[in-house]
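Let's take a walk through this protein together.

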Amino acid sequence: MIWILIAVGALIVVAAIVGAVALTTGRRRNRGPSATLPPVDISPYDVDQPPAEGATAVALEEAPQAPPAPTLERPEPVAGRMQRLRARLARSGTIGQTILSILSRGDLKEEDWEEIEETLLLADVGIGPTTELMDHLRTETKVLGTTDAQAVRGVLRAELLKLVDPTMDRTLHLEPSLGDDGQPHPATVLVVGVNGTGKTTTVGKLARVLVADDHDVVLGAADTFRAAAADQLSTWGSRVGVTVVRSEREGADPAAVAFDAVKHGREVGADVVMVDTAGRLQNKAGLMDELGKIKRVMSREAPVREVLLVLDATTGQNGMRQAQVFAEVVDVTGIVLTKLDGTAKGGIVVAVQRELGVPVKFVGLGEGPDDLAPFVPEEFVDALLS
Ligand SMILES: Nc1nc2c(ncn2[C@@H]2O[C@H](COP(=O)(O)OP(=O)(O)OP(=O)(O)O)[C@@H](O)[C@H]2O)c(=O)[nH]1
């Protein structure tokens with residue numbers, strides 16, 4: 001009897017369990033497939049709110065970590081650079097100081113004038129401008145009739161300023177142009193000069209000048225003669241977020257690199273493309289061929305607005321000869337005089353402008369990345385006299 005009761009109880013328990021399971025699965029089935037589940041919101045921001053700058057859905061995924069972006073440098077403002085670097089012109093300043101002290105002697109003898117002439121020639125002012133300055137000083141000091149230091153300084157300042165010529169247009173012309181296709185084309189700048197003058201460094205420094213002035217810049221490393229020049233330029237570019245177009249092949253056609261750089265500049269909407277060149281060729285015909293071709297192919301993509309000739313201020317008459325050859329080969333529109341720090345030959349500013357009829361637009365006053373300054377005649381002359 002007891003066995004019958006146990007069996008009936010067990011049957012009741014099993015029936016209850018089966019019923020409960022059936023009920024549960026029945027409810028689940030009624031819920032339908034998982035499509036009815038609420039959607040998983042993977043948006044990293046509220047729909048009502050605009051996304052924060054730089055926010056992306058990818059940020060929620062466990063994506064491999066991208067390498068940290070290099071911190072970009074902020075180039076120094078361009079205005080006032082010559083003033084900041086004025087002390088670097090101390091050695092050039094010896095011309096002004098020496099002439100000033102001779103003029104202040106009063107009642108000058110012929111040997112005093114010879115001393116002035118020698119000072120000017122040693123500073124590389126050149127024969128023509130030296131004679132001109134001497135003539136003016138003779139007349140002016142006679143008219144002045146005094147040895148008063150301030151008055152003599154005023155006369156000398158005015159005469160030196162005339163020689164340096166503040167009327168020359170020293171603007172870097174980077175006006176954009178509209179192509180036949182109706183699209184804006186970048187202004188292009190070709191940088192030429194003999195190797196070792198500081199050309200690549202100058203292109204790097206100029207890129208910083210342009211970035212400081214809010215330009216979108218692309219650089220072309222068409223100095224394919226020296227592989228390190230492209231590396232050097234890439235380093236300059238990466239410090240300020242500027243793309244450098246280069247060829248991995250040493251000795252590649254520089255015109256092809258220049259063309260690619262301008263083309264890339266157009267594609268990315270840059271407003272300035274600047275191209276560094278090798279300038280190694282010793283003979284004029286070869287140089288003319290190379291630079292002529294580079295300029296021609298660049299012009300196909302966008303007009304070449306500036307051809308800047310880089311000259312080393314310490315090389316004196318040798319530098320002048322190089323300048324003449326380059327000026328015969330390409331239409332130079334501006335001169336960048338490098339290494340003006342640490343040379344007493346600041347007179348080259350006058351000589352080279354006179355010789356080529358082209359203004360000095362920038363001067364290099366040191367090896368620091370922002371030691372390149374727009375040339376301001378008044379500040380230069382004041383530095384010579386301070
Ligand atoms: N003191 C001083 N040094 C400078 C200045 N500009 C350039 N230099 C130095 O001049 C040296 C030569 O510079 P580069 O830019 O390599 O010369 P480059 O003309 O491009 O030479 P290649 O690439 O061989 O054609 C480097 O040590 C520069 O730091 C300047 O204004 N002042």
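**A strand covered on both faces**

Start with strand 6: Val-272, Met-274 and Asp-276 point one way from it, Val-273, Val-275 and Thr-277 point the other way, and all of them are buried. In a regular strand the side chains alternate between the two faces of the sheet. Strand 6 runs over residues 272-277, and with 6 of its 6 residues buried it is mostly covered. "Buried" here means that 20 or more other C-beta atoms lie within 10 Å of a residue's own; 12 or fewer makes it exposed, anything in between makes it partly exposed, and the C-beta atoms are placed from the backbone. Strands (E, at least two residues) and helices (H or I, at least four) are DSSP runs, numbered from the N terminus.

Before going on, a word about what you're looking at. This is a predicted model, where local features need pLDDT of at least 70 and side-chain atom pairs count only at pLDDT 80 or more, while totals for chains, interfaces and linings use all residues. Residues are numbered from 1 along each chain as its sequence is written.

So which strands pair with strand 6? One is strand 3 (residues 187-192), in the parallel sense over 5 bridges, and another is strand 4 (residues 217-222), also parallel, over 6 bridges. Two strands pair if DSSP finds at least two bridges between them. One more pair to look for is Leu-190 with its bridge partner Val-275 in strand 6.

Strand 8 (residues 334-338) is largely enclosed by the rest of the structure, because 5 of its 5 residues are buried. Both of its faces are covered, with Gly-334, Val-336 and Thr-338 on one side and Ile-335 and Leu-337 on the other. Across from Thr-338 stands Asp-312, a residue of strand 7 (residues 304-312). Is Asp-312 buried or exposed? It counts as buried, because 22 other C-beta atoms lie within 10 Å. Asp-312 and Val-363 are 51 residues apart in sequence, yet 9.9 Å apart in space, C-alpha to C-alpha.

**Around the ligand**

Next, find the ligand. It is surrounded by 18 residues, and the closest are Asn-195, Gly-198, Thr-200, Thr-201 and Gly-364; a residue counts as near when its C-beta atom, placed from the backbone, lies within 6 Å. Helix 7 (residues 199-212) gives the most to this shell, with 3 residues. By type, the shell divides into 2 nonpolar, 10 polar and 6 charged residues. Here Ala, Val, Leu, Ile, Met, Phe, Trp, Tyr, Cys and Pro count as nonpolar, Asp, Glu, Lys and Arg as charged, and the others, Gly among them, as polar.

The chain is divided into domain 1 (81-164) and domain 2 (177-332), with bounds that come from an automatic or database domain assignment. Their C-alpha centres lie 37 Å apart.

Most residues other than glycine have a negative phi, and most peptide bonds are trans. Asp-124 has a positive phi of about 70° although it is not a glycine, and its place is the loop between helix 4 (110-122) and helix 5 (127-144). Asp-124 is buried, because 26 other C-beta atoms lie within 10 Å. Asp-165 has a positive phi too, of about 65°, in the loop between helix 6 and strand 1 (177-178). With 15 other C-beta atoms within 10 Å, Asp-165 is partly exposed.

Finish at helix 6 (residues 149-164), where you'll find Leu-160. Leu-160 counts as buried because it has 25 C-beta neighbours inside 10 Å. Leu-160 and Glu-378 are 218 residues apart in sequence but 9.4 Å apart in space, C-alpha to C-alpha.
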